[in-house]
Amino acid sequence: MQTWSLVTLCVLLGLVVRWGVSLNPYSGAAKPPMFGDYEAQRHWQEVTYNLPLQQWYFNTSDNDLNYWGLDYPPLTAYHSLICAYVAKAINPEWVELHKSRGYESYAHKLFMRATVLVADLLIYLPAVVLYCLFLSDGSSRKKVSVLLSTLLYPGLILIDYGHFQYNGVSLGLALWAILTLGLGWDALGSMFFCLALSYKQMELYHALPFFCYLLGKCFKQGSIGQGFFLLVRIGFAVLLTLALCWLPFLSDPSQALQVLRRIFPVARGLFEDKVANAWCSLNVVIKIRSIMSSDSQLYLSLACTVLAVLPSSLRLLTKPTFWQFKLALVNSSLAFFLFSYQVHEKSILLASLPACLLLSDLPLIAIWLLQTSTFSMLPLFLKDGLLVPYSVTSLAFLYFSMYLLSPLKHCTEEELRMGAYRKILFFLPKLDLGCVVRWKFYFSTLAMAALSIASVTMSSPPHLPDLFPVLISTFAFLHFLGTFLYFNIVQFTEPQSKKSQKKTN
């Protein structure tokens, strides 16, 4: 009973923080002609409500795709349509065709913010609570600590409630998939993941671990008999879910192809803005986009992504345990973020979700990755006027997670699973690797604070106008690359603790 009271308090605190952030300006407020992501979400409601489904993804006189045209899969469009019906009932001006473009009012802002909160209450928050209570390790106190730390993760809060998006829906559906797989409901988990993928195509970052985990389980149970029937159940669940989501677009092949063209916009280029991945960081010294054609950039990023994600996925295929699955999720999402094509800074949220799942197992590394992921989006937050929410939520997350999970007290080589590092670094004098990691964390945190302050208080030199965004993205990239290598080494060398293995089995 006491545990559920603490869970309720954690959820209420998470809701208060979310609503507090939502009171700040949203992306593109009063900035015509394109405004921002807030207007994109409102415009999709306008389009889906007023136009027939066959025109949602096509450029027409009533649907200018250059003005926030739909570029997410059908489930996002259906969600926009549901919100549009509610908006129409409250105030028809909010979704009036053409005339509502750039609409801004206090009442509409409350409505739009409320739609994000309702989506979280229905999908994301219940999944977080159930995962932390049933699948995270440790005492009831530790489970509640992991829950509060996850709910206070600032990156997702600032993007969904400050910048304005619905990432909690796709991440929540993915978390429901992870939860149900952890509980042994493989077909249901497959359906949830198909829903996540049909909401945002970026869930492809998690697709290979899901595929390899489920296929590995089928092989483990035997290619005939029980394993075969499991594969059939999973296949049927996947085909049924995808068919239901895409059904209105499957009757005409041109419709389905147009949706695919919209959700995979290859023409946009290798990367946009200053994103903390390999290509943007490498572009500082080698102008990749100038010396390589668009097709060559696409093939290069594809090859690097496959090479980066393949070892972790093959390891999971041969050892389909839930511990390996969690590690593969973070490795796959980091590989996609670091090396894939057309990456946005917000895509780091896809690596942050599996990092939250590791808060009870590897608290220091998980907290470090989550804090860095928030820091990597600082230029976007400053552009949206979210300096104060960024500062407050980052400090709150760091304080509560460090206080409740005590990661610095669990910083030995054994607890950090760094046994393999000792073998790799055999030529160096014997060092306390736990102490080295602890001091690197201190230095990293101070450097992120210093760069955050410098970005606000100092002006870039005229000949280097993007100095601070580049410094931030490169600094974060080095962290993400190091974390990617670390989690791959852990996945290949260290088994999960016996207690955790017994529980997940």
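V259 is placed in helix α11 (residues 253-263). Helices here are DSSP runs of H or I with at least four residues, strands are runs of E with at least two, and both are numbered from the N terminus. The model is predicted, so local features need pLDDT of at least 70 and side-chain atom pairs count only at pLDDT 80 or more, while totals for chains, interfaces and linings use all residues. Residues are numbered from 1 along each chain as its sequence is written, and side-chain values use heavy atoms, with hydrogens and water left out.

V259 counts as buried, at 0% relative accessibility. Buried means under 20% relative accessible area, exposed means over 50%, and partly exposed lies in between (1.4 Å probe, protein chains only). Leaving aside neighbours within four places in sequence, V259 is in contact with Y57, P74, W246 and F249. Contact means heavy atoms within 4.5 Å. V116 is 143 residues from V259 in sequence, and the two C-alpha atoms are 24 Å apart in space.

Two of the contacts of V259 are Y57 and F249. A search of the whole structure finds 25 aromatic pairs. Y57 and F249 form one that is edge-to-face, with 5.6 Å centre to centre and 75 degrees between the planes. Y57 lies in the loop between α2 (37-50) and α3 (74-90), and F249 lies in helix α10 (residues 226-250), so the pair ties together parts that are 192 residues apart in sequence. Rings of Phe, Tyr and Trp (its six-membered ring) pair if their centres lie within 6.5 Å; planes under 30 degrees apart count as stacked, over 60 as edge-to-face and the rest as tilted. Y57 is buried, with a relative accessible area of 1%. F249 is buried as well, with a relative accessible area of 0%.

F193 and F210 form a stacked aromatic pair, at 4.2 Å centre to centre and 20 degrees between the planes. This pair links distant parts of the chain: F193 is in helix α8 (residues 186-199) and F210 in helix α9 (residues 207-220), 17 residues apart. Both F193 and F210 are buried. One aromatic cluster is formed by F193, F210, Y213, F322 and F325. Elsewhere, R101 lies over the face of Y67, at 3.7 Å from the ring centre. A charge sits over a ring if NZ of Lys or CZ of Arg is within 6 Å of the ring centre and within 35 degrees of the ring normal.

Helix α10 also holds T241. T241 is buried, with a relative accessible area of 6%. Not counting residues up to four places away in sequence, T241 touches M191, C194 and L195. L451 lies in helix α21 (residues 433-457). L451 counts as buried at 15% relative accessibility. Beyond the neighbours within four places in sequence, L451 is in contact with F375, L471 and F475.

The largest nonpolar core has 154 residues. A nonpolar core is a set of buried Ala, Val, Leu, Ile, Met, Phe, Trp, Tyr and Cys residues joined through side-chain atoms within 4.5 Å. W56, I178, F325, F337, F480, Y486 and F487 touch the most other members. F337 touches Y205, V275, A276, N277, V343, H344, E345, S347, I348 and F480, with residues up to four places away in sequence not counted. In soluble globular proteins, nonpolar side chains tend to be buried together.

The structure holds zero disulfides. A disulfide is a pair of cysteine sulfur atoms within 2.5 Å. The cysteine sulfur closest to that of C212 is in C218, 12 Å away and too far for a bond. C212 is buried, with a relative accessible area of 5%. C411 is in no disulfide either, and the nearest cysteine sulfur, that of C435, is 8.3 Å away. C411 counts as buried at 2% relative accessibility.

The protein chain has 23 helices and zero strands. Its radius of gyration is 23 Å, close to the 23 Å that the globule rule gives for 505 residues, so the chain is as compact as a globular protein of that length. The radius is taken over C-alpha atoms, and the globule rule is 2.2 Å times the number of residues to the power 0.38. Along the principal axes, the C-alpha atoms fill a box of roughly 70 × 65 × 60 Å. Buried residues make up 55% of the 505 residues. Among contacts between residues at least 6 apart in sequence, 77% join residues at least 24 apart.
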